[in-house]
Amino acid sequence: MIVRSKLVKKVIFLIIILVVISDLAAKFTTKGKDFIDRKTGERVILRGFGIGCWLLPEGYMWGIGKYDRPWQFEKAIEELIGEEDARKFWEIYHRNFFTEEDVKAMKMWGVNSIRIALLASWLQPRDSQPDKPPFIYSEYGFSLLDSVVKWCERHDVGLIWDMHGAPGAQNAENISDSDGEARLWSEKEKYWPRLIDLWYKIAERYKDSDVIIGYDLLNEPLLIRYGYDPKLLRELYLVLTDTIRRVDSLGIIFIEGDDWAQNFDMLEPIDWDPHIAIAFHSYPPTSDEKGLVRWEKLREKYNIPLWHGETGEQGPPYDLNRKATKFLESRNVSWSWWTHKKFDNVTQPWSVIRIHGFLKILDYWNGNADRPGRREARKFLFLQAELTNSKYCQFYPDMVSSLNGLDVKKYLESRSIEEPKIYVQPVNLKVEEGGAFQNAVVATGYPLNYQWYVNKKSLPGQNKANIVISNVTMENNGDKYYVVVYNSKGYDISKEFILKVTPFKGVNIRRATSSIVIDGKLDDDWKRVNELTFENLIYQEKWDKQDILAKVRLLWDNKGLYLFINVQDNVLINNRDGIEVYIDSDNNRADGYTKHDCFFKIYLNGDFRLIRGANINPEFKIENSKNGYIIELAMFWEDLSINMSGNNFIGLDIHVIDADNEYSRKKLTLFNKTDSAYRSTFKLGTVKIVE
C-alpha cells in the first residue's frame with residue numbers, strides 16, 4: 001500500500017509539472033475581455049501581419065486569374081517543367097518568400113504577433129491518405145513550421161497558427177484550396193478526422209515553445225450558403241478545442257463565424273472554453289463604432305476578447321489604415337493586417353517585382369501567349385522564386401508606419417549602406433497606341449534610389465524600381481529607356497530597353513449626334529452604334545451562356561460618356577445583380593483612383609455605391625427586359641474634373657455581376673480577364689474618344 005501510494009504521488013507530481021510547463025509555454029492568453037502577457041499579467045494589443053501567399057498563394061497575389069488556388073498552381077507548374085523541377089521551385093519559393101529576416105524586421109517595427117496561413121496539404125498530403133489514423137504527414141512541410149517557430153523564439157514574436165486551407169476545404173473558394181466543393185462539410189466522415197488529427201499534431205509538436213499564442217481553428221468557413229447545417233461549425237470547434245487542450249491548456253482558441261467570419265449566431269453560446277477570442281474579418285478595415293457594434297455585443301455578452309484577425313488591402317496614402325488601427329486600439333481590439341508580402345502590390349510592407357519571364361508564364365496560363373519552352377520556363381520560375389526574398393523586393397515604409405504602434409525608423413537605421421547592383425535587367429516591350437506599360441529592374445543594395453531616363457533625358461516622377469508610362473503615342477515608337485540605381489556608395493546603370501508602339505486597333509467611341517435622354521430606351525443614336533459583347537467570365541470556370549450574356553453600346557459628347565447595357569440573365573436578384581463601372585478619364589493609369597477616375601456599382605434595386613475615386617453622380621435608368629434587364633447610364637466629365645475632346649484615349653472597363661442565389665457570384669467583364677480593376681486603373685481597357 002505504501003509503495004502504491006508513493007507511485008500515485010509521483011504520477012500526480014509529474015502531471016502537475018507537465019501542466020505547469022504547458023501553461024508557461026503560452027506567450028499570451030486571455031483574461032476576460034483582454035489579451036494578457038503571461039509573464040507580466042499586463043493587457044496587450046496584438047499587432048501583427050498575416051503571412052499569406054507563402055504556404056497558400058492566391059491568384060490575385062501572383063497576378064493571375066485563370067488559376068487562383070494552390071493545387072492549380074502546383075499542377076500548372078508541374079505540367080510546364082516536370083515533377084522534380086516543380087518540387088525544386090517550391091523549395092526555392094518557400095525558402096525565400098518568408099524568412100527570418102522578415103520576422104526580425106517586423107519585430108523592429110513593433111509587431112508582436114504573426115498569423116501563419118497554413119495549407120493542410122503541405123503538412124498532410126492530399127493524396128494516398130488512409131481512411132483513418134494514422135495519417136501520412138510531410139516532414140518537409142513541418143520543417144517549414146519548425147523554422148518559423150525558431151525565428152519567432154529568437155526574435156520574441158508570437159505565433160498564431162491559422163488553418164487557412166483545411167483538409168477537404170472549409171469553403172468552396174480559392175482561399176481554402178478547394179476543388180470547387182467544401183468537402184469538410186459534404187464529406188464530414190472523411191475530412192473531420194484528418195483535420196482533428198492535424199490540429200493535434202501541430203499543437204503537440206510545438207507545445208513547449210513559449211511563442212505560441214494560439215490557434216485560428218478555421219479561416220472563413222462557409223456553410224449556410226451551400227445548404228449545410230450551420231450547427232456543424234460549433235460541433236467541430238468543440239472537438240478541435242478539446243483536441244488542442246490535450247496538450248495546450250492556455251493557448252488562445254480563435255474562432256471565426258460562418259459567411260467570411262461574419263456570422264457567429266451558430267456558435268452561441270460561446271462558452272465552451274475559458275480562453276476563446278472572437279476573430280472577425282472585414283474589408284475594408286473596421287474603423288468606427290457602427291462597424292464594431294455587432295462584435296462589441298458578443299464581447300460584452302461572453303466577456304471575451306476581440307481580434308480583427310484579417311483586414312487591410314488599402315493603398316496609398318493609407319489613411320484608412322491609420323484611422324482603423326487607432327480606432328481599434330482605442331476600443332481594446334487587437335488586429336492582424338493582410339498580408340506581409342504580395343506580387344506588384346502596394347497594400348503591404350513588401351512587394352515582389354515580377355520579372356518579364358514570369359509575366360510571360362502568367363500570360364500563357366491566362367490564355368494570352370504561347371507556351372514557353374521547358375528550359376525557359378524553369379529558368380524564369382526558379383529566378384522569380386528566388387526574387388521573392390525581401391532583399392529584392394520593394395519596401396513601403398509608409399504602409400508600415402500607417403499602422404498604429406508600428407515604426408520603421410529603428411529598422412531603417414539598423415541597415416548598413418550597400419552599393420547597388422542590378423540583378424535583373426528590363427526587357428524590350430511592344431505596346432499599342434494609347435496604352436500603358438510597365439517595366440522593372442531588380443537590384444540589391446541599400447538604400448536604393450532610382451531615376452529612369454528616356455532618350456538620355458530624365459523622367460520626372462519615375463523614381464521606383466518599376467517604370468509606369470501611360471498614354472503612349474506613335475511618337476514614342478523607338479524610344480530608349482534605362483534606369484540609374486544609386487546611393488552614397490555608388491551606382492549601377494541598367495541596359496536600355498526599346499519601346500515599339502503599334503497603331504491603335506481597339507474600340508472607338510463615336511460622338512452622339514443628338515442629346516441622349518436617359519430613359520432606358522434604344523433611341524436612334526443608340527441604333528447606329530455597334531454593340532460590344534462581354535467576352536470574359538471570372539469567378540467561374542464554365543460559362544453557361546443560357547444563364548448570362550451581356551452587350552454594351554457606347555457614346556460620348558461634351559457633357560459625358562454614355563452606356564447602354566443589355567443583359568440576358570435568367571435569374572435576377574435585385575440587391576445583388578447589377579454592374580460595376582471603372583473609368584480613368586485622363587488615361588494616366590495611376591495606382592489607386594484619383595479625381596479623374598472612379599469605380600462605382602449599380603444594383604437592380606437602384607442602389608448606387610461609389611467605391612473609389614471622384615465624387616461622381618451618374619444619371620441612370622434601369623428597365624426590365626424579356627430576358628433580363630437594361631441599364632442606360634450617363635457619367636459626366638465635370639464630375640471627373642476633365643474637359644473631354646475628340647481623339648483622346650481613356651481607360652474603361654465594365655463588369656456585369658450575376659448572382660443566381662443569395663451567395664453565388666460570377667462576373668462578365670468587357671476587358672479585364674482578372675478581377676483586378678478595383679485595385680488600380682492600370683489594367684483597364686483602352687478606348688478612344690473620336691469625333
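A residue is called buried when its relative accessible area is under 20%. The structure discussed here is a predicted model.

Strand β37 covers residues 685-689. Five of its five residues are buried, so the strand is largely enclosed by the rest of the structure. Gly 685, Val 687 and Ile 689 point one way from β37, while Thr 686 and Lys 688 point the other way.

Which strands are joined to β37 by bridges? One is β25 (residues 507-509), which runs parallel to β37 and is joined to it by three bridges. Another is β35 (residues 648-658), which is antiparallel to β37 and is joined to it by five bridges.

Strands of a sheet pair through backbone hydrogen bonds, in either a parallel or an antiparallel sense.

The pairing of β13 with β14 is antiparallel and extends over two bridges. Ser 351 has Gln 394 in β14 as its bridge partner.

## Helix α15 and its cover

Helix α15 comprises 13 residues (374-386). From its first C-alpha to its last it reaches 18 Å, close to the 18 Å expected at 1.5 Å a residue. Its buried residues are Ala 377, Phe 380, Leu 381, Phe 382, Gln 384 and Ala 385. What lies over these buried residues? The cover includes the helices α3 (70-81), α4 (83-97) and α14 (356-365), together with the strands β12 (341-343) and β13 (350-352).

Asp 569 belongs to strand β29 (residues 560-569). Asp 569 is buried yet has no salt bridge. How far away is the nearest side chain of opposite charge? That side chain belongs to Lys 666, at 6.7 Å, whereas a salt bridge requires the charged atoms to lie within 4 Å. The side chain of Asp 569 does reach the backbone nitrogen of Val 571, at 3.1 Å. Beyond its neighbours in sequence, Asp 569 touches several residues, among them Asp 547, Asp 577, Asp 658 and Asp 660. Ile 548, Asn 627 and Gly 628 are also touched by Asp 569.

Thr 681 lies in the loop between β36 (666-669) and β37. With 0% relative accessibility, Thr 681 counts as buried. Its side chain makes a polar contact with the side chain of Asp 584, at 3.4 Å. The residues that Thr 681 touches, leaving aside those up to four places away in sequence, are Asp 584, Arg 589, Ala 590, Gly 592, Tyr 593 and Asp 597.

## Backbone exceptions

Most residues other than glycine have a negative phi, and most peptide bonds are trans.

| Site | Backbone feature | Value |
|---|---|---|
| Glu 268 to Pro 269 | cis peptide bond | omega near -5° |
| Tyr 283 to Pro 284 | cis peptide bond | omega near 0° |
| Asn 332 | positive phi, not a glycine | about 60° |
| Ser 641 | positive phi, not a glycine | about 55° |

Pro 269 lies between α11 (258-261) and β9 (276-281), and Pro 284 lies between β9 and α12 (289-302). Asn 332 is in the loop between α13 (319-330) and β11 (334-338), and Ser 641 is in the loop between β34 (628-636) and β35.

Are Asn 332 and Ser 641 buried or partly exposed? Asn 332 is buried, with a relative accessible area of 13%. Ser 641 is partly exposed, with a relative accessible area of 41%.

Note on methods: Residues are numbered from 1 along each chain as its sequence is written. This is a predicted model: local features need pLDDT of at least 70, side-chain atom pairs count only at pLDDT 80 or more; totals for chains, interfaces and linings use all residues. Side-chain values use heavy atoms; hydrogens and water are left out. Helices (H or I, at least four residues) and strands (E, at least two) are DSSP runs, numbered from the N terminus. Buried means under 20% relative accessible area, exposed over 50%, partly exposed in between (1.4 Å probe, protein chains only). Lys and Arg count as positive and Asp and Glu as negative; His and the chain ends are not counted. A polar contact is a pair of N or O atoms within 3.5 Å; within protein, one must be able to donate a hydrogen and the other to accept it, and residues adjacent in sequence count only if both atoms are side-chain atoms. Contact means heavy atoms within 4.5 Å. The expected span of a helix is 1.5 Å times one less than its number of residues. Two strands pair if DSSP finds at least two bridges between them.
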